[in-house]
Amino acid sequence: MRKILPLLFMAFLAGAVLSCSSKKKRDDIITTKYEKPEIQGPIRTDDYKDTVAFKWLDRDYVCSIERMADDSLPKVKDENGQLFVDNRVRVVISRADGSKFFNREFTKATFNSYIDDDFRKTGILEGFVFDKVEPNEVRFACSVSRPQSDEYIPLILAVTRMGDISIIRDTRMDAELED
């Protein structure tokens, strides 16, 4: 046992010395390589058309909503430099006899007072759908959104019985919308 004790002590001492020896420091930085997405020509959203028949003030109406990408509007650019074509929306509300009660086009500029500078610069008019009929107005849900993103500003556009429009930001929570 006495012969083993000095050997164990020497092994322990050698291990301590070797573990404390200086290691060569490396300057390598390990990270994932970021590849910049490939920029394409301006991206256009798909055209959209919807028609809804409804009764308002005891009369029958048909509402047609048509969204189309419009190259004449200023393009928007995302953080990668990708260009997107903004949209124009035409809303036509016709009476049962085919005469037009309301016929108007909307662009993102229509909503400038209701969106911030960032969305004016990087957003497009994307959503525009028939919402509901109230006694004094027909409502539409609209949105200005960042292209290919789930970030948007929800808006409500109302057409009054006189054909005037009003716009407000939609501040209702999703749970309230299900009512």
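Student: With which side chain does the side chain of R88 make a polar contact at 2.5 Å?

Tutor: With that of D70. A polar contact is a pair of N or O atoms within 3.5 Å; within protein, one must be able to donate a hydrogen and the other to accept it, and residues adjacent in sequence count only if both atoms are side-chain atoms. The side chain of R88 makes another such contact, with the side chain of E105, at 3.4 Å. Keep in mind that this is a predicted model, where local features need pLDDT of at least 70, side-chain atom pairs count only at pLDDT 80 or more, and totals for chains, interfaces and linings use all residues. Residues are numbered from 1 along each chain as its sequence is written, and side-chain values use heavy atoms, with hydrogens and water left out.

Student: Where is R88 found, and what does R88 touch?

Tutor: R88 is found in strand β5, residues 87-95. Strands (E, at least two residues) and helices (H or I, at least four) are DSSP runs, numbered from the N terminus. Contact means heavy atoms within 4.5 Å. Not counting residues up to four places away in sequence, R88 touches E66, R67, M68, D70, S72, L73, E105, F106 and T107.

Student: How many helices and strands does the protein have?

Tutor: Three helices and ten strands. From the N terminus on, the order is α-β-β-β-β-β-β-α-β-β-β-β-α. Look at the contacts with a separation of 6 or more: residues 24 or more positions apart account for 45% of them.

Student: How do I read an aromatic pair?

Tutor: Rings of Phe, Tyr and Trp (its six-membered ring) pair if their centres lie within 6.5 Å; planes under 30 degrees apart are stacked, over 60 edge-to-face, the rest tilted. A search of the whole structure finds nine such pairs. Take Y61 and F101: the centres are 6.1 Å apart and the planes are at 65°, so this pair is edge-to-face. The pair links distant parts of the chain, with Y61 in strand β2 (residues 59-69) and F101 in strand β6 (residues 100-106), 40 residues apart.

Student: Are Y61 and F101 buried or exposed?

Tutor: Both are buried. Buried means under 20% relative accessible area, exposed over 50%, partly exposed in between (1.4 Å probe, protein chains only). Now try F102 and F106, whose rings are stacked: 6.5 Å centre to centre, 20° between the planes. F102 counts as buried because its relative accessibility is 5%. F106 is buried too, at 0%. Ring pairs join F54, W56, Y61, F101, F102, F106, F128, F130 and F140 into a cluster.

Student: Which residues touch the most other members of the largest nonpolar core?

Tutor: V91, I93, F111, F128, F140 and L157, out of 27 residues in that core. A nonpolar core is a set of buried Ala, Val, Leu, Ile, Met, Phe, Trp, Tyr and Cys residues joined through side-chain atoms within 4.5 Å. Leave out residues up to four places away in sequence, and the contacts of F140 include C63, V91, I93, F128 and L157. Over the protein's 179 residues, 31% count as buried.

Student: Is I168 buried, partly exposed or exposed?

Tutor: I168 is partly exposed, because its relative accessible area is 48%. I168 is found in strand β10, residues 165-169. Its C-alpha atom is separated by 7.1 Å from that of Y114, 54 residues apart along the chain. Apart from neighbours within four places in sequence, I168 is in contact with Y114, L155 and I156.
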